[in-house]
Amino acid sequence: MTNAIFPSKANDRLLMIFFIIVVLAGPIILAPFGAGYPDLLQRFAIFGIFAIGFNILFGLTGYLSFGHAAFLGVGSYSAVWMLKLLSMNVIPAIILGVVISGLFALVIGYVSLRRSGIYFSILTLAFAQMSYNLAYSVFTPITNGETGLQILLDDPRVLDGGTKPGELPLTNLFGIPMNATQKVEFLGMTLQFNFGFYFCAVILILAFYLSLRIFRSPFGLMLRAVKTNQNRLNYTGVNTRPYTLAAFVISGMYAGLAGSLLASMDPLAGAERMQWTASGEVVLMVILGGAGTLLGPVLGAGFIKYFENIFSKINDNVLHSWFAFMPDGLENVMVTLVHPFVGKGWHLTLGLLFMAIVIFLPGGLMEGFNRIWRKITSKRETATSDTSSDAASTPAE
Amino acid sequence: MGILEVQNVNKRFGGLQALDNVNLDVEEGSIHAIIGPNGAGKSTLLNCFVGRLVPDTGTVMFNGNSLLGIKPHEINQLGVSRVFQTPEIFTDLSVLENVMIATFAHRDGAFKLNAIDPVRKEVDIRDHAEATLLDVGLQDKRNMVASSMSRGDKRRLEMAMCLSQDPKLLLLDEPTAGMARADTNRTIDLLKELAEKRKLTKVIIEHDMHVVFSLAQKISVLAQGHVIVEDTPENIKGHPKVREAYLGEAQV
Ligand SMILES: Nc1ncnc2c1ncn2[C@@H]1O[C@H](COP(=O)(O)OP(=O)(O)OP(=O)(O)O)[C@@H](O)[C@H]1O
Ligand SMILES: [Mg+2]
């Protein structure tokens, strides 16, 4: 039986295959855009995970947390401590990061979820800012204050300490260092296949798969019901609090996973990772990509990280080279016109883009894609019959 | 002894005595109607049964359990479902999903972390929900987004959500308001049929006297928060107090 509401197994399988291919081919797809280098690729994957997790809370239940960066930070600190004390292998670091941030989320969620709407948002924001400030003051023995927490030569590292004297060890997975990179020349581009990226990519794929399962499950259905009418759900016999708390903890653990991956790629943790701007960034990612959709958050994360890292590096020299084909006078005019929107002005472009999307595409970039897709398929449908209704929902999420 | 027993319930809103020493005894398996002019306190009374309001004084007993001081979801899990005066549904979800959520709540209780297996595998839940939609005549609209339906359909959807839970007590706050005559008759038939098929007790608030007199075994007349008469439909029809309460309103 075809049904638009409950996507079929084949449909989900197709979505997974599409996602896996795109993620694994990331270094090739992004190279022409100047974004194919390991550091940025890792960020795409890590913030994709962060946004996927945030979407489980915000996209499904509608509870808007303004404090999720706290869990990112907690994940990073826990991971670096594990790297310092136990081993440079990232597995224990990631496990501890996820567990500790999950516990944090349990406490913060338990308190914050007593309120909804703006009061919930303010409570989460207050908790996160408190954590941020405490990291600079009371907790300096754990966080190393403004310097940030780093690995040092004389760290104990009980499992693999003291291997190479005088040289900081590298984070690794059972001996394979995260910075191992294979360079390949291809059509005049240098493709960089980095181990750290592929490690993050595999975790991103697993994180995406888990979120797909949650979206399709009865639990996911209940979360969506919370978003539309929490009162009705209560009068229908559902205790909404444990549902929202579970969603909060799951999304907190995703954030902790992202934070510990950041530390696994670059063993450093600072309190700025917990600042409210970082909490706001993940909100932007999810809204930009499409809250409540499966692919949207990953897309939004990619978009924002691309702007932050690539657009911000376009200076006047680059602009001159872009417009070099024009006559001198015109070239200078163009450079002056474009200048405020690139380089240090990337926030301006991102802000305008964000406003345009929220106004014209409230469902984010995914809504834009869906509209285009529907146009294409509806044309085809008039030509054939109504058999494509199942395919029409394929890229919907 | 009724399945629902309300004794000496009072509720004040500031200077307004919304419920004034209300007593009600609803017999198991019966349809008990509450009628009365606008603002009489009918919805307020139902609010006291489902945990939306707590009365200032008095007791509300259902099947031997007090309904006061427990949460709305706990009351529902005891077997009390309510159709609201303004439809309360999951507007962003499909009609079928609306009913399935109610069915899940009935089967799985107030909370169950079932986050891995997909909803599409829950064939029993879905069949049950579809059967209930068939009962209320919404089977053709099951894939519609709930917000896009007419007010009458929304109310029927809400009724399906409640019925899918197989409640012991069904509270209906003006279930036919906003419905066309044909749909109203259909709803009457449905409620009658349910009364015969299942041992379902109903409390129904209704302005449409045609509906009231064709369904109810017992009628309580509420005016200014006070139950002025409680009797059978035959005796209510010509009751002078009822005429007085409705003075100026054309119906009775
Ligand atoms: N939460 C509240 N706070 C203050 N006053 C309220 C509240 N709920 C109801 N009232 C008032 O109590 C009185 C009874 O209201 P109620 O909704 O119970 O009437 P009703 O009998 O259901 O009327 P209708 O037939 O119009 O639905 C009204 O005067 C109403 O304004
Ligand atoms: Mg009312």
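Reader: Hi! How many aromatic pairs are there over all chains?
Author: A search of the whole structure, which is a predicted model, finds 15 aromatic pairs. Rings of Phe, Tyr and Trp (its six-membered ring) pair if their centres lie within 6.5 Å; planes under 30 degrees apart count as stacked, over 60 as edge-to-face and the rest as tilted.

Reader: How many residues of chain A and chain B are in contact?
Author: 33 residues of chain A touch 44 residues of chain B, where contact means heavy atoms within 4.5 Å.

Reader: And what area do the two chains bury?
Author: About 3,300 Å², with 63% of it on carbon and sulfur atoms. Buried area is the accessible area (1.4 Å probe) that two parts lose on being put together, summed over both. In chain A, Phe6(A), Arg232(A) and Tyr235(A) lose the most area to chain B, together 23% of what that side buries.

Reader: How many salt bridges are there between chain A and chain B?
Author: The count is four; a salt bridge is a side-chain nitrogen of Lys or Arg within 4 Å of a carboxyl oxygen of Asp or Glu. Arg213(A) forms one with Asp117(B), their closest N and O atoms being 3.8 Å apart.

Reader: Which helix of chain A gives the largest share of the side that touches chain B?
Author: Helix 9 of chain A, with 13 residues.

Reader: New topic! How is chain B divided?
Author: Into domain 1 (1–79 + 170–175 + 201–252) and domain 2 (82–166), with bounds from an automatic or database domain assignment. Their C-alpha centres lie 27 Å apart.

Reader: Where is there a salt bridge in chain B?
Author: The side chains of Asp173(B) and Arg82(B) meet in one, at 3.4 Å from N to O. Across the interface of domain 1 and domain 2 of chain B, the rule finds two salt bridges.

Reader: Last one: what are the ground rules for numbering and pLDDT?
Author: Residues are numbered from 1 along each chain as its sequence is written, while chains are lettered from A and ligands numbered from 1 in the order in which they are written. In this predicted model, local features need pLDDT of at least 70, side-chain atom pairs count only at pLDDT 80 or more, and totals for chains, interfaces and linings use all residues, while side-chain values use heavy atoms, with hydrogens and water left out.

Key:
Helix = DSSP H or I, 4+ residues; strand = E, 2+ residues; numbered from the N terminus.
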